[in-house]
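Dear colleague,

Please find below the structure that I am handing over to you. My notes on it follow directly after.

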Amino acid sequence: RTVFVNGEYLPESEGKISIFDRGFLFADGVYEVSAVINGKLVDYAAHMERLGRSLKELRMAWPCTRDELDVMHAELIKRNALTEGIIYMQVTRGAADRTFNFPKGEVTPTLIAFTQAMSLVSNPNAVTGIKVITTPDLRWARRDIKTVMLLAPALGKQEAYEKGAQEAWMVEDGFVTEGTSSNAYIVKDGKVITRHLSNEILAGCTRRALMRLAKEEGVEIIERKFTVEEALAADEAFLTSASQFVMPIVEIDGKRIGGGQPGPVVRKLRELFLKEATA
Ligand code: PMP
């Protein structure tokens, strides 16, 4: 694989950063993951917009211009002959002597990116639906910023796998916040319910695309928080993320949802999303 490190395209074995990088020492960094289908980026503009917001919220400098980021993404697709998969990119505040406060003077942000080839469109999980568990939300209070501080989500996802599930829905005060790497939805009486945007969840780019597609299709989406009990009694459940798109959920904490089959609303929404993404 060819990876990108601070302006250079290198074989992955040569992609290296400093041990003093603040991303490594403090999780002082932000990231984005964009899907690639048929060699083309999906929802890319939304990801770059969110990157700008994350950087601003952390008072972090852009590592280069938006145009240069566009070139980086295009070059990585080309150099790796990527037809389907994801591009991961990360920006940190840079490498500096270790102090909690921001380093004094000019620090050069670190920018790295790499590709992962994977099959996203014909994902067998989308046919069967996946299982999720619920787990306490152990994260900090600014989940709207896409930081690389991912230990709580990593623990949650590991717990899910150990219990034979594929995702964990994180719960706070009895209400589902979101998945460890996805937004969470339930369907009741034909209406989609998903948590409203706030500092408590990440504003998913796939969530935004889904809201638009649902509106065009006349599917009502109600933005409010929902409890685990409500989810267990729902007709359907699903999640969205850049790499999973719209993914049906057929089991929550071992309890079948909607008869254990992906329901009509989620199937329709996935179809609409893929139609646009593969166009
Ligand atoms: N919430 C969290 C916590 C996430 O990590 C992700 C994946 N980035 C999402 C939601 C979904 O966001 P997106 O649709 O932009 O991938």
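The notes below take the domains, then the strands, a pair of helices and the ligand.

This is a predicted model, in which local features need pLDDT of at least 70 and side-chain atom pairs count only at pLDDT 80 or more, while totals for chains, interfaces and linings use all residues. Residues are numbered from 1 along each chain as its sequence is written.

The protein is divided into domain 1 (2–117) and domain 2 (124–277); these bounds come from an automatic or database domain assignment. The centres of the two domains, taken over C-alpha atoms, are separated by 26 Å. Across the interface, 20 residues of domain 1 are in contact with 13 residues of domain 2, contact being counted when C-beta atoms, placed from the backbone, lie within 7 Å. On the domain 1 side, the elements that give two or more residues are β3 (29–37), α2 (44–57) and β5 (85–92). Helices (H or I, at least four residues) and strands (E, at least two) are DSSP runs, numbered from the N terminus. Of these elements, β3 gives the most, with 8 residues. This side of domain 1 divides into 10 nonpolar, 6 polar and 4 charged residues. In this scheme Ala, Val, Leu, Ile, Met, Phe, Trp, Tyr, Cys and Pro count as nonpolar, Asp, Glu, Lys and Arg as charged, and the others, Gly among them, as polar.

Strand β5 also pairs with β6 in the antiparallel sense, over 8 bridges; pairing requires that DSSP finds at least two bridges between the strands. Here V91 stands opposite L111 in β6. Strand β6 (residues 110–117) pairs with β1 (residues 2–5) as well, in the antiparallel sense over 2 bridges, and F4 stands opposite A113 in β6.

Helices α6 and α8 (residues 264–277) pack at an angle of about 110°, with their axes 10 Å apart. The axes are lines fitted to C-alpha atoms over the stretch in contact, and angles run from 0 to 180 degrees between N-to-C directions. The two helices are therefore roughly perpendicular to each other, a term that covers 65 to 115 degrees. In this packing, A209, L210, L213, A214 and E217 of α6 meet L269, L272, F273 and E276 of α8. By class, the contact has 7 nonpolar, no polar and 2 charged residues.

Finally, 13 residues are around the ligand, of which L202, G204, C205, T206 and A242 come nearest; a residue counts as near if its C-beta atom, placed from the backbone, lies within 6 Å. The elements giving two or more residues to this shell are α6 (205–217) and β13 (236–241). Helix α6 gives the most, with 3 residues.

Yours sincerely

Notes. Angles under 35 degrees count as roughly parallel, over 145 as roughly antiparallel, 65 to 115 as roughly perpendicular and the rest as oblique. Two residues are in contact if their C-beta atoms, placed from the backbone, lie within 7 Å.
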